[in-house]
Amino acid sequence: MTAATTAWGVELQHVTQRYGDVTALDDVTLTIRAGTITGLLGRNGSGKSTMGSLLAAFRRPTAGRVLVDGEEPWENERVVPGVCFVRESGDVLDDYSLKDNLAYFSGARPWFSHELAGELLDLFELDLQRKPSKLSRGKKSAFGIVVGLASRAQLTILDEVHLGLDAPSRYAFYDALLADYAEHPRTIVLSSHLIDEIERLLEEVVVLDRGRVLVTQDVEGLRAEGVSVTGPAAAVADFVAGRDVLATQRLGGTTQTTVRGALLEGDVRRAREAGLELGPVPLQDLFVHLTDPGRTGGAGADVQGADR
Amino acid sequence: MTTTVTTRPSPTAHTARRLGEALLTMAGVFWAIAVVAVVIATLVAWRVAGSVDVSIAVYARQAAIWFPFSLGILVVAAYLRVHIASGMTRRTFVRAALLVEVAAGVGYAAVFTAVALLERAIHDALGWESVMTEIQLADESTSAGVMLLELAVTFVVANLSGLLVGAVFHRYGAWGGMLSLPLTVGPLVLLLYIPGARFVDLPGIWTTTPAGHLALAVTVGTVLAGAMAAVFAAIVLRLQLPPAP
């Protein structure tokens with residue numbers, strides 16, 4: 001028996017990944033802190049799965065360096081057992097029973113918890129005798145979650161693992177993830193389009209857009225930077241002048257504008273005097289505005305530099 | 001933050017056990033069918049001709065080459081991605097796959113030899129001949145050792161050829177896999193016809209002797225097996241897997 005850290009940090013240094021003519025990741029530099037639950041957000045095709053593939057040594061980057069716990073994961077006997085990448089339903093032995101699959105995975109993962117696997121199998125009502133190829137979409141995803149969480153890998157990447165799961169099962173997954181994370185802290189990267197649902201789990205967030213890093217920030221900080229300003233159109237326009245405007249909606253004479261950037265001293269008072277209402281912006285709305293194609297054309301690099 | 005870590009079995013041994021169990025199951029199915037087929041064919045031939053003076057078992061040789069060959073392709077297609085996704089390296093997959101496929105080749109050769117010898121004993125007891133009509137070195141008078149050696153080399157090359165085809169399809173896609181078949185399967189076909197050299201006499205260069213034929217077949221087979229294993233390893237060790245399953 002040996003001792004090992006339970007959470008591994010991630011560093012990408014000027015990473016580019018190309019598939020022929022398509023650039024999936026473009027000169028990406030970022031850090032994911034060890035021991036955090038980080039949301040990896042982005043629209044379809046933004047490079048999230050490619051990043052997971054690089055971290056799990058499915059691929060080598062075209063350029064740049066990928067470091068997990070300080071070392072490149074590619075063919076690294078020390079690192080790869082501690083990286084678990086589950087995409088959608090995960091990679092499983094389709095023609096073997098779930099029981100055989102678990103036997104295979106548990107033999108390959110040094111920290112695999114049979115106890116947790118058993119609890120999750122019960123939670124998702126999975127029959128060990130069934131084969132993955134015979135399961136419904138949701139049950140397949142549930143099994144991917146069982147493998148991803150029970151592996152207790154130091155770096156666990158869960159990429160759209162909720163696909164096909166009904167709402168109660170998704171919330172059961174979130175609760176199970178949080179409970180096990182609290183008992184066995186590790187680095188978890190969670191990618192999902194259901195930002196409203198996973199928002200409460202996240203400590204940090206990375207937003208990718210067309211292969212570039214748009215935002216990398218702690219969630220509270222990002223949320224605090226988003227402000228909605230509601231009131232008479234002229235007053236709103238005057239208040240947001242010079243600010244980073246993400247979106248504007250108009251209803252009659254009333255305008256609601258979403259801006260990004262911390263309010264300065266006196267802003268709240270000035271807004272009140274102008275008859276404006278200031279409110280928080282949900283993370284999902286911020287994400288939608290930040291990744292709006294009309295807004296982000298080529299802006300990614302600038303924002304990345306400003307964030308970290 | 002630290003925690004205790006349980007030791008895991010060697011990744012090579014872990015995957016070799018999984019692959020070995022899968023191939024063993026399929027081998028059981030194959031040999032059950034093959035033995036039943038040999039018995040039925042022998043009974044039919046006996047009923048029709050009154051005696052069976054050829055080895056029926058030897059006709060299973062082609063099936064015993066190409067069935068495990070196809071399993072070699074499946075080993076790469078079904079297990080490689082799962083192996084890597086389970087936190088193991090390509091290197092350990094290569095070791096496990098080569099180990100299991102070489103063992104499978106020798107195992108098939110051992111079973112085949114045993115079946116052929118058993119059949120020969122039965123034929124002898126019934127006063128029948130056991131003429132072998134396949135293009136191979138072993139004939140009805142060959143010792144078990146020679147037959148085992150020749151078959152083992154052939155079956156191992158067939159299995160490694162299957163692995164190579166699987167790896168090439170994985171790496172270069174359907175078109176690349178199809179177009180490279182002459183290179184990936186060609187060596188096996190070449191080996192199958194090496195025994196034909198016994199029909200050729202080149203005065204001063206090559207004289208037909210049983211020991212010479214065997215040495216030629218084993219040498220060529222061993223060189224081909226080594227080359228195929230090396231190319232298979234080189235392809236898999238560089239293999240980039242697509243992000244989506």
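How are H1(B) and H3(B) oriented relative to each other? In this predicted model, helix H1 of chain B spans residues 11-49 and helix H3 of chain B spans residues 90-126. Their axes come within 9 Å and cross at roughly 25 degrees. Angles under 35 degrees count as roughly parallel. H1(B) and H3(B) are therefore roughly parallel to each other. The crossing of H1(B) past H3(B) is right-handed. By class, this contact of H1(B) with H3(B) has 17 nonpolar residues, 5 polar residues and 2 charged residues.

Helix H4 of chain B covers residues 144-179, and helix H6 of chain B covers residues 186-193. These two helices pack at an angle of about 165 degrees, with their axes 9 Å apart. That angle makes H4(B) roughly antiparallel to H6(B), because angles over 145 degrees fall in that class. H4(B) passes H6(B) in a left-handed crossing. On the H4(B) side, the contact involves B:Thr154, B:Val157, B:Ala158 and B:Ser161. These residues meet B:Pro187, B:Leu188, B:Leu191 and B:Leu192 of H6(B). By class, the contact of H4(B) with H6(B) comprises 6 nonpolar and 2 polar residues, with no charged residues.

Along the sequence, chain B reads β-α-α-α-α-α-α-α. Chain B has 245 residues, and 41% of them are buried. Contacts in chain B were also sorted by separation in sequence. Among those between residues at least 6 apart, 78% join residues at least 24 apart.

Chain A was considered by domain. The domain assignment gives domain 1 of chain A as 10-210 and domain 2 of chain A as 225-299. The centres of the two domains, taken over C-alpha atoms, are separated by 35 Å. Across the boundary, 8 residues of domain 1 of chain A are in contact with 7 residues of domain 2 of chain A. Three elements of chain A each supply at least two residues of the domain 1 side: strand E4 (37-42), helix H6 (195-198) and strand E9 (204-209). By class, this side of domain 1 of chain A has 3 nonpolar, 1 polar and 4 charged residues.

Backbone geometry was then considered at two glutamates of chain A. Most residues other than glycine have a negative phi. A:Glu125 has a positive phi, near 55 degrees, and is not a glycine. A:Glu125 sits in the loop between helix H3 (114-123) and helix H4 (137-150) of chain A. A:Glu125 has 9 other C-beta atoms within 10 Å and is therefore exposed, the cut-off for that class being 12 or fewer.

A:Glu160 also has a positive phi, of about 55 degrees, although A:Glu160 is not a glycine. The loop that holds A:Glu160 runs between strand E7 (155-159) and helix H5 (167-183) of chain A. Is A:Glu160 exposed or partly exposed? With 19 other C-beta atoms within 10 Å, A:Glu160 is partly exposed, because a buried residue needs 20 or more.

Definitions and conventions: Residues are numbered from 1 along each chain as its sequence is written. Chains are lettered from A and ligands numbered from 1 in the order in which they are written. This is a predicted model: local features need pLDDT of at least 70, side-chain atom pairs count only at pLDDT 80 or more; totals for chains, interfaces and linings use all residues. Axes are lines fitted to C-alpha atoms, for helices over the stretch in contact, and angles run from 0 to 180 degrees between N-to-C directions. Helices (H or I, at least four residues) and strands (E, at least two) are DSSP runs, numbered from the N terminus. Angles under 35 degrees count as roughly parallel, over 145 as roughly antiparallel, 65 to 115 as roughly perpendicular and the rest as oblique. A crossing is left-handed if the near helix is turned anticlockwise from the far one by less than a right angle, and right-handed if clockwise. Two residues are in contact if their C-beta atoms, placed from the backbone, lie within 7 Å. Ala, Val, Leu, Ile, Met, Phe, Trp, Tyr, Cys and Pro count as nonpolar, Asp, Glu, Lys and Arg as charged, and the others, Gly among them, as polar. Domain bounds come from an automatic or database domain assignment.
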